[in-house]
Amino acid sequence: MTQPPQSPEARPPVFQRLGARLAFMVALAMLPLGVLGLVQSQNVARQSDARSEMAVMGETVRAATPEIRMIRTAQAMVATLANTVLPFIEDPEGCIRVMAAVAAQEPSISLAAYVPMSGLMTCASTGKPFDFSNHPIFAEVSRLDHPGLVVNPRGPV
C-alpha cells in the first residue's frame, strides 16, 4: 500500500528537520577541533620557518668564520700598534720597520701603516709615502671618535 504524496507545504521547514539539526550539531561539535587544527598548523609552519632561518644563519656564520677571525686578529693588531707606534712616529725608518714586521707576521695584511690626521702617510710597511688627505674614505674615517672599520676593496695604496 502506498501513501499519497505529501504536498510541499506539508513538509516541515529545513531547520526543523531531524537531519538538518543533526548536521548542524555535528558541525558545531567539530568547530573547536577545526580551529585547534588551524592553530597547530600555523605553529608548525612558524617553527619550520624559524628552524630554516636558524639553519641558514648557522651556515652563514660557519662560512664567514675565517673572515671573522681575520677581522678580529686585525683589530687586535691595530689596538696593539696604536700603543706601539707612538715612540716611532718621529723615527720614519724605525716606524717603517715596525709596520713591515707587522705586515710580514700576517699574510692577509696588504698594508700596515700609520696615517696621521694630516692624511700624509709616511710610516707604512711598503716604505712608500701616500697622501690620503683628499681621499673620501680618509675624510670619513678622520671624523670618527671611536675605533671603526672601513672596507675598501680597491684601496689607493
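View 1. Ile-137 touches Val-150 and Asn-152, leaving aside residues up to four places away in sequence; a contact here means heavy atoms within 4.5 Å. You'll find Ile-137 in helix H3. Helices (H or I, at least four residues) and strands (E, at least two) are DSSP runs, numbered from the N terminus. With a relative accessible area of 24%, Ile-137 is partly exposed. Buried means under 20% relative accessible area, exposed over 50%, and partly exposed in between, using a 1.4 Å probe and protein chains only. Ala-50 sits 87 residues from Ile-137 along the chain, and their C-alpha atoms are separated by 39 Å.

A quick note on the model: it is predicted, so local features need pLDDT of at least 70 and side-chain atom pairs count only at pLDDT 80 or more, while totals for chains, interfaces and linings use all residues. Residues are numbered from 1 along each chain as its sequence is written, and side-chain values use heavy atoms, with hydrogens and water left out.

**View 2. Ser-125 in its loop.** Ser-125 belongs to the loop between E3 and strand E4 (130-131). Is Ser-125 buried or exposed? At 18% relative accessibility, Ser-125 counts as buried. Its contacts, again not counting residues up to four places away in sequence, include Met-99, Ala-103 and Leu-111.

**View 3. Helix H2 and what it packs against.** H2 has 14 residues and reaches 20 Å from its first C-alpha to its last, close to the 20 Å expected at 1.5 Å a residue. That expected span is 1.5 Å times one less than the number of residues. The buried residues of H2 are Gly-94, Cys-95, Val-98, Met-99, Val-102 and Ala-103. They pack against H1, E1 and strand E3 (123-124).

**View 4. A pair of aromatic rings.** Rings of Phe, Tyr and Trp (its six-membered ring) pair if their centres lie within 6.5 Å; planes under 30 degrees apart count as stacked, over 60 as edge-to-face and the rest as tilted. By this rule there is one aromatic pair. The rings of Phe-130 and Phe-132 have centres 4.9 Å apart and planes at 65°, so this pair is edge-to-face. Phe-130 is partly exposed at 28% relative accessible area, whereas Phe-132 is buried at 13%.
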